[in-house]
Amino acid sequence: MKIAVVGAHLQGLPLHGQLIERNAALVLKTRTRPIYRFFALPGATPPKPGLLRTSGPQSTGIEVEVYEVDAVGFASFVDLIPPPLTIGTLELETGELVKGFLVEAYATENAADITHTGGWRAYLASLT
């Protein structure tokens with residue numbers, strides 16, 4: 001099974017080990033189609049973003065890493081995901097549909113919109 005990650009699970013970031021523990025293999029680095037807004041979620045530890053699908057085009061796609069993991073690993077990984085994050089279907093810039101991280105809309109009400117950064121790494125870099 002494939003799963004796309006957009007934040008703290010990216011290579012080198014704090015939660016990446018959860019993928020490694022499940023023998024997930026990186027298969028693709030790409031972007032989403034430009035139909036998502038991207039938010040820095042307040043109060044998340046470690047800091048996490050939220051990806052929200054919109055009804056219209058945004059300025060840029062968002063950086064993602066796509067991993068392949070077996071069904072048991074996928075299930076145990078999804079079980080770790082705290083609200084307001086969730087797993088849904090993401091559209092990649094290639095047109096491929098994969099499961100990946102999304103956020104419930106209510107969580108974006110007081111969150112900073114960071115769509116313009118194009119990804120979590122770029123957003124983190126902008127903080128320094």
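The legends below describe a predicted model.

View 1. The volume of the largest pocket comes to about 170 Å³.

**View 2. The aromatic cluster of Phe38, Trp120 and Tyr123.** These residues, Phe38, Trp120 and Tyr123, form one aromatic cluster, and the count of aromatic pairs is three. The ring centres of Phe38 and Trp120 are 6.4 Å apart with their planes at 90°, and since planes over 60 degrees apart count as edge-to-face, the pair is of that kind. Because Phe38 belongs to strand β3 (residues 36–41) and Trp120 to helix α3 (residues 120–126), the pair ties together parts that are 82 residues apart in sequence. Phe38 is buried, its relative accessible area being 0%, and Trp120 also counts as buried, at 3% relative accessibility.

**View 3. The chain around these sites.** Three helices and eight strands make up the elements of the chain, and from the N terminus they follow the order β-α-β-β-β-β-α-β-β-β-α. The radius of gyration is 13 Å, close to the 14 Å that the globule rule gives for 128 residues, so the chain is as compact as a globular protein of that length. Of the 128 residues, 48% count as buried, and among contacts between residues at least 6 apart in sequence, 70% join residues at least 24 apart.

Notes: Residues are numbered from 1 along each chain as its sequence is written. This is a predicted model: local features need pLDDT of at least 70, side-chain atom pairs count only at pLDDT 80 or more; totals for chains, interfaces and linings use all residues. Side-chain values use heavy atoms; hydrogens and water are left out. Rings of Phe, Tyr and Trp (its six-membered ring) pair if their centres lie within 6.5 Å; planes under 30 degrees apart count as stacked, over 60 as edge-to-face and the rest as tilted. Helices (H or I, at least four residues) and strands (E, at least two) are DSSP runs, numbered from the N terminus. Buried means under 20% relative accessible area, exposed over 50%, partly exposed in between (1.4 Å probe, protein chains only). On a 1 Å grid over the protein atoms alone, a cavity is a set of points where a 1.4 Å probe fits but cannot get out, and a pocket is an open set with protein on both sides within 12 Å along at least five of seven lines; lining residues have an atom within 4 Å of a point. Grid points are joined across faces, edges and corners, and a volume is the space filled by probe spheres set on the points. The radius of gyration is taken over C-alpha atoms; the globule rule is 2.2 Å times the number of residues to the power 0.38. Contact means heavy atoms within 4.5 Å.
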